[in-house]
Structures are given as C-alpha cells and as structure tokens.
Amino acid sequence: MTLYIVRRLLQSVLVIVVMTALVFVGVYVIGNPVDVLVSTEADQEDFERMVRMLGLDQPLWKQFLVYLSQLLQGDLGRSFAFSEPALKLVLQRIPATLELVAVAMTMALATGIPLGMYTGLNPHTPIARLIMGTSIVGVSIPNFWQGLMLIFVLSVSFAILPSGGRGELDTVLGITSSLWTLDGWQHVFLPALNLALFQCTLIIRLVRANVREIALLDYVRFARAKGLARRRVVFVHILKNTLVVLITVVGLQLGGLIAYSVVTETVFAWPGMGKLIIDSVYILDRPVIVAYLIVIVVMFITINLVVDILYSVIDPRIRVAQRGEH
Amino acid sequence: MAVDAQVRPGGASALPVRSPVREFAGRYAANPIAVVALAVLASIAVIAVTASWIAPQNPYDLSAIDIRDGRLPPGSAKLTREAAIGLGIVVPDVRRAELQFEVRARNRSDDAPAQALEVRVAPAADGGLALHLTPAANGPLDPLKSVQLRGLPRGSTVSAGRKDRFRNVWRLDPEELPGLSIALPAAASDRLQFDVLATGGAQRHLMTYWLGTDDQGRDMLSAIFYGLRISLSVAIASVVIALGIGTLAGLCAAYFGGRVDAVLMRIVDVQLSFPTILVALILLAILGKGVFNVMLALVIVQWALYARTARGVALAERQKEYVEAASCLGLGAGRIILAHILPNCTPSLIVIATLEVAHAISLEATLSFLGLGLPVTQPSLGLLIANGFDYLLSGYPWISVFPGVALLITVVAINLVGDELRDLLNPRLQR
C-alpha cells in the first residue's frame, strides 16, 4: 500500500515537472507581452525599459532558470497587468471558484444519483425514457450556450435572478463566502445550475449504466432468487456497489467542474480563477497564465492521486493489479 | 430475471441469404428516433457542403450586406433602397432656354438602367423659367418621394416649394410638380445654373431575413449555413487526424506490448485524467488562437481516447488464432497490424469517432466563444454565438439563440446516431 502511494506520488511529481517545463516553453517562446502592455505612443526607449524590467532581454535558458528557481520559492512573477504577485492573484480567486463548484456538485449529485438509479432499474418505463431523452440533450448542449439561455430566460425575460457577478460576502466561522447571504445565493444559483446540469446528465448516465450492469450480475440474481425484497436488493446489493464507482465519478466530477467553471465563469462574470485565466490570455499576462496553469495542474494531480488511493483502499483488486505489473 | 430467448420476427431464419450490411441497416431502421437523427444529420451535412449555393446571401461579402439592416428581428424583409438622382442643370440663356432630356437610373447595381425622370426647361411668360419634372411611370423614381432644387440665385422663388430656413434649398411638393415655375430676381444674369435632387422608387422586396440579422446587417440564416460548414470541417478534419494517430499508437502498443505499451499507455492515462476542455484551454492559452492551433489542440485532446480503445480491442484480437496464423505465415508486423487486426477494431473505433465529432464541434465552439478558438475570419457557430452575447442582454436575442440552436441540433443528431451505432455494435446488449 505504502509502496503504491509512494509510486503514485513520484509519478505525480514527474508530471508536474514536465508540465511546468512545457508551460514555460510554450508561454515564453510564443507571444510578446510588451506589445500589449506598452501604450501605442511609447517610443523605443520606453519599450526597451519595459523589456528589461520584465527580464525579457535575457536568453531563454536564463529566463527558464530564473523561472525555475522562483517557482521553487513559490514566486511565479508579478502580473504584468496588475503588478501583483501572480500566484497571489490566482490563489485569491480560488475560493470563489470552489464555492461555485461545491454548490454545483451538490446539485448534480442530489439529482443525478436518484434519477440514474431509477432509469437503471426501470429502463423501459416512459418516465425513464423521458429522462434519458432529456439527458441526451443535456449532454449535447454546449455549456456556454446553455448559460446564455439561462441568462436570457431567467435574467432578461423574467428578471428573477441576476445575470452575473458574485453577491454580497459575509464571514461566518472564519470562512468568507457569499453562501452566507441571500444575495449571494441569488448570484450563485444560476452559474451553479449551469455547471451542474451537464455534470448531472453525466452522473445519470454513469449510474444508469452501472446499475444496469450490476443488476445483471449473478449475485443480484442470487439475492433475488433467495427471495429478498426488491427494496433490499436495490438499496443494499445494487446501490452499495454503485457507490464504489461513484467515488471515481465524484473525483472526475470535481476535476470536470473546475475545468468547466472557466466557461461558466466567463459567461456569468463570476470572479473566479477561470475568468482570471481568460482575461489574462486576452492581454497576454504571462505570469498569471503560468501561475494558473501550475495551480490547476497541481490541483488535478492531487485530485487524481486522492481518488486513486481511495479507490485502491476500497477495491483491493486495483492494488493487486498494480503490483502485478512489476 | 427472465431468460431472454427472443426470436426476432423476420430475422435470419426467415431470409436465409441476407448481407451483413442489409441486416445492419434493417436493425438500424427499427429505431425511428435514430432514423430521424440520421436524416437530420444528412441534411446538415448537405447544408454545410452546399452553403455557398443555398445561402440566401454571402454573409462575408461586404457588398451584399447593408449595415442599415443591422439587428432586424427574424422575418424582416430586405428591401431595395430608394433611388436618388442628382442633376446639375445649366441654362445658357434664360430667355431662350429650351432644354429637354431624360435621365436613366437603376435601383440596384445589378438592375438594367431604366428611364427615371424627364426634364423640360422652357422660358416662362414673366421672364422666369418653367420647369417640368416628370417621373417615368413605374421607373426607378416612381413613386417620387422628394425633390429639391439647390443653388438657385438668391432672391428666386419657386412655385409649390418651400425654402429651407437657413440654406439655399427649395423643397418641392411632389404632387405639384407639373407646371412648376421659377421666378428669378431682376438682377439675375441670363445664365442660370442649379441642381435638382430627386429621390423615390418602390421598395422592392429582395429577400426575407428568416432568422433576423446581426449587428452588421448580415443574414443570420446564411451566417449559420457558413458557420456550420466551418464548424463541421474543423471537427471532422481533427477527428480523422486524431483517429489515424491514435489508432496507430494503440495498435502498436497492443501488438508490441512491453515498454512501448507501458510508455504509450502512461501518457494516455495522464492525458485522459485531465478534462479535454482544460487540455485544449491550456494549449490554446499557450499557442494562441488560429485554425491550425485549434485543430492541433483538438487532435491532441482526442488521440489518447482512440489509442486506448484501439489498444483494448486489439489486445483481445491479438490472442485470436487468425493473428497467430498470420504470423506463422511469416507476415510482417505492419501487415498483421494494418491488414488483420485493424479491420476487426473498426466497429468500436467508428462508434467513438462518430461521438467524438459531436464532442469536437462543441469543444471548438466553446473555445471560439471564449476567444481562444478560430479567428474572426473563420466565423464558426461558436463565434456567431459569442458575437450575439453582447446583444442578448439588450433585447436582440436571435443573434446568439439561432446559431446555438443549429449547434445543438447538430450535436444532438450526431449523438443519437452514435448512441444507436454503439448499441447495435455492442455484443453485450444484443439479444
């Protein structure tokens, strides 16, 4: 077990190192931020001063070494646009994103699991067909356009909810969040719904496929043959085994939600990490782009690592398979 | 659990000779939703291919669009603009003036010039000038909307006209044009020079903007047709390239095994552990936008999936006797992989590739919407929606609603077809 965790950890570190190198090469070889930052009236002298200030006159390998040593100290440079430490900028935006993701995840799980169980157990009833028919639209609908339509219907046509931004913040138990205020909930509802809808349809399909598969297995048949009540078979024999899969799903979900929050945040002007990266790409604010990419890679690798370890704790067969490779 | 022992009516036993293709088509046709989806998909493909012929307008030909038609709601008509004629008339001697001529004009650049206005100038009894302006019936100026006389000598008066309070402009009432006379001041010279400006003409109906227009006055229906073409071609091209690369990698991993397999599959694992949108976003954040970069990102995002699928199927195939037989015949690895194993992997790959086209269309649209995808010179559906985003909140919803509907219909149709193919080709679901 320990060996497995250590191996996975080393692997993760390797991936992070490779990613940072790739990110550096990509970002520092292509694009010139000075063009964007210097005003159009600036003369050659201003231009050169800017280049020196940003350290862009150094050879590439030197820039990379500076970048690496700073990286190890947790210094990812200053944002060109805000002249604040880039890492700080990104980290400041994390709570807003996580808040959105948490609300969306709760919404998606609370609706997805029951609906998935139902359609999996009764695949041929009209309601199940309706749910599956709707879910194919849910999977197909482009997330950003769905967001636009939610704004159009609920914010423009009916004017029930605000179209964007984050609501009032409040601090309770040391946690600052907009979820403590009514205004905050009004603002978070629409973007969270937009994020949740796609994930919810995914959960429905995953749970449904899983339930259908498990329902055909011998032990379920046996439980039924034994004369157990349907309710017991469903909630003990099938649900329990579906939940094992759900841990992976939740892990993937978390990643997917963080990734898709970029789109939702842009549509709903939600001040999270996703909006920051898109804004930074527009103005070629390279330190912020790099900081975002590194933060997101670390987040993802951590999530994957935790999911893998949890999975191997729950299902010992995985551990055996991993050991068997060597 | 009932034991499934259904005998399909009209199945293989009823028709002893039936080709696999017809058998497959028959099973596909049994699902009406999938048939409708296939028909929709075929129509979309036809629209995308023939967009430049069937679109009512070339939305990117600046001479075809008119910014004054901007943001018209769906169902509005595109009308011809009013014709306008400006004439400079020189009368060398007012007392002996006898001029008569006709002016030809056209409403649109592709119309033939037609007689528009007949002008006759004659000396009037009181030393003034009689001016007869007769618009040709059904000509480009009929009905006449406004007539102005400009540049008359100071102190002149025009019958049936109103002088502008500040400028030397006389506005004439089109009703009283015949028998118009100009009284000239006593001090005026014999030579007279003035301008006639006339506007008018029937507003002919040219086309209907069934889905409205965007802010530039572009027909949304045409823009969607062209957008479909761009979206589909980018998606299909990237899927084909990724399918080629991924399949080859997966087959090699399965056939050679060992280190090749381990390295390839580790890369695939790492890549598939990140959501596609994120990988594409990172790539484009670094590379910048552009058609090539978007396709590169789509290929990089997708190849791993094909590699994993191809490897999985090929691993199972490799164990089979026909592969053993082929290697016993001394055939090379390349030939065994491509000619023996690959054909047996195609059903699974076709299903995934079909579904991935839908995914690629969505992904490209999302990236374009975020401003990281295609440049404005290649307006895919995602860009059209992005353009309409600003107008959504200000009461012009159709600019982003309709491209989105087109996108949705396309993706749903592809998904339905792909799902049906998967169900038909999946032996586990066959009864």
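Me: Two residues count as being in contact if their C-beta atoms, placed from the backbone, lie within 7 Å. In this predicted model, which residues does Y292(A) touch, and what makes them contacts?

Reply: Leaving aside residues up to four places away in sequence, Y292(A) touches V90(A), M273(A), L276(A) and I277(A). Each of these pairs is called a contact because the C-beta atoms lie within 7 Å.

Me: Why is the set of 157 residues called a nonpolar core?

Reply: The name applies because its members are buried residues of the nonpolar kinds listed for a core, joined through C-beta atoms within 7 Å. This core, the largest, has 157 residues, and A104(A), Y292(A) and I224(B) have the most contacts inside it. Helix α4 (residues 220–256) of chain B gives the most to this core, namely 20 residues. Another core, of 23 residues, lies apart from it and includes V121(B), L129(B), L131(B) and W170(B). In soluble globular proteins, nonpolar side chains tend to be buried together.

Me: What makes a residue of chain B buried, and what percentage of the 431 residues is buried?

Reply: A residue is buried if 20 or more other C-beta atoms lie within 10 Å of its own. By that criterion, 37% of the 431 residues in chain B are buried. Of the contacts in chain B with a separation of 6 or more, 72% are between residues 24 or more positions apart.

Me: How do you know which parts of chain B the predictor is confident in?

Reply: Chain B averages a pLDDT of 85, and 94% of the residues score at least 70. Among its elements, helix α2 (residues 32–49) has the highest mean pLDDT (94) and strand β10 (residues 180–183) the lowest (83). Over residues 1–7 of chain B, pLDDT stays under 50, and the model has three contacts for them beyond four places in sequence.

Me: What makes up the contact between the chains?

Reply: The contact takes 37 residues from chain A and 34 residues from chain B. The side of chain A that touches chain B has 27 nonpolar, nine polar and one charged residues. For the complex, the predictor gives an ipTM of 0.82 and a pTM of 0.80.

Definitions and conventions: Residues numbered from 1 in each chain as written. Chains lettered and ligands numbered in written order. Predicted model: local features only at pLDDT ≥ 70, side-chain atom pairs only at ≥ 80, totals over all residues. Nonpolar A, V, L, I, M, F, W, Y, C, P; charged D, E, K, R; others polar. Buried ≥ 20, exposed ≤ 12 C-beta atoms within 10 Å, placed from the backbone. pLDDT = per-residue confidence, 0-100. Helix = DSSP H or I, 4+ residues; strand = E, 2+ residues; numbered from the N terminus.
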